[in-house]
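Subject: Structure for you to look at

Hello,

Here is the structure I promised to pass on. Please open it first, then read my notes below.

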Amino acid sequence: MPPRNSLTTGPINAALLLFALPTLGSSVLQSANGSIDAVWIGRLLGENALAATTNGNLVMFLLTSFVFGFGMAATILIGQSIGRGDIEAAREVVGTALGTFVPVAIAVAVLGWIFAPELLALLGTPAETAPLALDFLRVIFVAMPAILMQTMLMMALRGSGDSLTPLIFMALAVVLDIGLNPVFILGLGPIPAMGIGGSAFATALANVISLAGMLTYIYARDLPLRLRGAELRLLRPDLEVLKLLLEKGLPIGVQMIVVSSSMLTMLSLVNAHGVDTTAAFGATQQLWTYVQMPAMALGAAVSAMAAQNIGAGRWDRVARITRSGLVFNFLLTGTLVAVLMAADRQAMEIFLGAGSPAIPIGQHIGRIATWGFIAFGFTMVLFGTVRANGQVVWPLIILFISMYPVRLGFAFGLSGWLGADALWLSFPASMLSTLLMASLLYLHGGWRGAPVMTFDGTAEELARAGADPAPPGRD
């Protein structure tokens, strides 16, 4: 009997879609939460306060990028363990991940609070926003242990085949954050006014409550990844599992840094073309955030499903999962691209206002570049599959090549001929080159020959300690 939430049996198309949609919903909620928080801060505290949040959000992004990498590694290890019916190995991954990264997150929070002024100086924070930025950043550091632990647990649950529980508690965190922002910013009722620090405190409190609720739910429902009794000793990190998490997680985290650093370089090139072009590009970026969400959700779903099937030795299903992911990406991302192209002016007006001179520039950018996200989506599916068997280095190398030699080379090298259009064309050029290299990796990269990632001693140790081994059919 397959374990609960097994993705190794049944129709692939339905399972993939039902798994991907909650993941997509979580991403939409998270992005909408950031946008609404920005509206609260901008409307209630002004532009300086909104600018001051940039540094805190950048630091939070960098930290969550690395946790995302390790969380993705945990997803792969848990998925393979669940696929071969080894629940105890999956729990050992969870124990090692939490036992390692929660103390690290607490240490980061303490050091971040202490050295926040030096960090802001290093980031070149303008003097007029520095006090506000300090208030915001310090509270964000306090919130980081809960945010990072919740991120790790949500990714672990997805690895076990459960994408609905993360959606439920992401929704709880978002609703609380949106509702609590004005309460703590303005000081409503008995709550003292905290200004910009209140926005960060709302985020912290929302994530703590959501995390507590998720842990309560996991134990109340006796979900497979819960640790109890003698299993709590798994919170003491196992060096073999930790090595695998670091080996597979670090390249994934660095990938996000590579993409972000490339975008910062592109932004400096865009700024040289004037305020209207920068505003148009900023609005386009907001829209692209939502366009790429189906691809990201499908990539994560394909990775989790493929990992379970690799663990179960069901390689025939791995290829079919990949094909289904490619088809769904074409349908979902393609539809979003078509809608955005058809209603580009209305979409731009959401961010720029009806009479903005930046709107025609934004429409031009979108028409040149937005279609490239269909190729981006195909790449996410292919990367999701090869990562499911532990191949994480080549995707990093491919992304580095497409972000730097290709995208920046295109933008710099053709700017004299094409002007600003060289910047916009560099996006589909890099996405197509990434897809080409990802296709070669998928077809000829040898990732299928890598051994399934296993580690020894878990079940025997727990049996000696008197723990229930929880056979897969019962758990």
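Between domain 1 and domain 2, about 2200 Å² of area is buried, and carbon and sulfur atoms give 76% of that. I start there, since the size of an interface is often given as the accessible area lost when the parts come together. Please keep in mind that this is a predicted model.

The two domains

The domain assignment puts residues 20–237 in domain 1 and residues 248–449 in domain 2. Domain 1 brings 28 residues to the contact, and domain 2 brings 29 residues. Taken over C-alpha atoms, the centres of the two domains are 25 Å apart.

What crosses the interface

How many salt bridges are there between domain 1 and domain 2? The count is zero. Polar contacts do occur: four residue pairs make them across the interface of domain 1 and domain 2, with both residues at pLDDT 80 or more.

Which helices supply the side of domain 1 that touches domain 2? Helix 1 (12–45), helix 2 (47–83) and helix 4 (130–159) each give at least two residues. Helix 2 has the largest share of that side, with 15 residues. By residue type, the side of domain 1 that touches domain 2 splits into 13 nonpolar, 13 polar and two charged.

Gln391

Now to single residues. Gln391 sits in the loop between helix 13 (372–387) and helix 14 (393–413). Is Gln391 buried or exposed? Its relative accessibility is 17%, and buried means under 20%, so Gln391 counts as buried.

Ile87

Ile87 belongs to helix 3, which covers residues 87–122. Ile87 counts as buried because its relative accessibility is 3%, against a limit of under 20%. For a sense of distance, pick Ile87 and Gly187, which are 100 residues apart along the chain. Their C-alpha atoms are separated by 47 Å.

Where to look

Begin with helix 2, which gives 15 residues to the side of domain 1 that touches domain 2. End with Ile87 in helix 3.

Best wishes

Note on methods: Residues numbered from 1 in each chain as written. Predicted model: local features only at pLDDT ≥ 70, side-chain atom pairs only at ≥ 80, totals over all residues. Heavy atoms only, no water. Domains from an automatic or database assignment. Contact = heavy atoms within 4.5 Å. Buried area = accessible area lost by both parts, 1.4 Å probe. Salt bridge = Lys/Arg side-chain N within 4 Å of Asp/Glu carboxyl O. Polar contact = N/O pair within 3.5 Å; in protein donor to acceptor, adjacent residues only side chain to side chain. Helix = DSSP H or I, 4+ residues; strand = E, 2+ residues; numbered from the N terminus. Nonpolar A, V, L, I, M, F, W, Y, C, P; charged D, E, K, R; others polar. Buried < 20%, exposed > 50% of the residue type's maximum accessible area, 1.4 Å probe, protein only.
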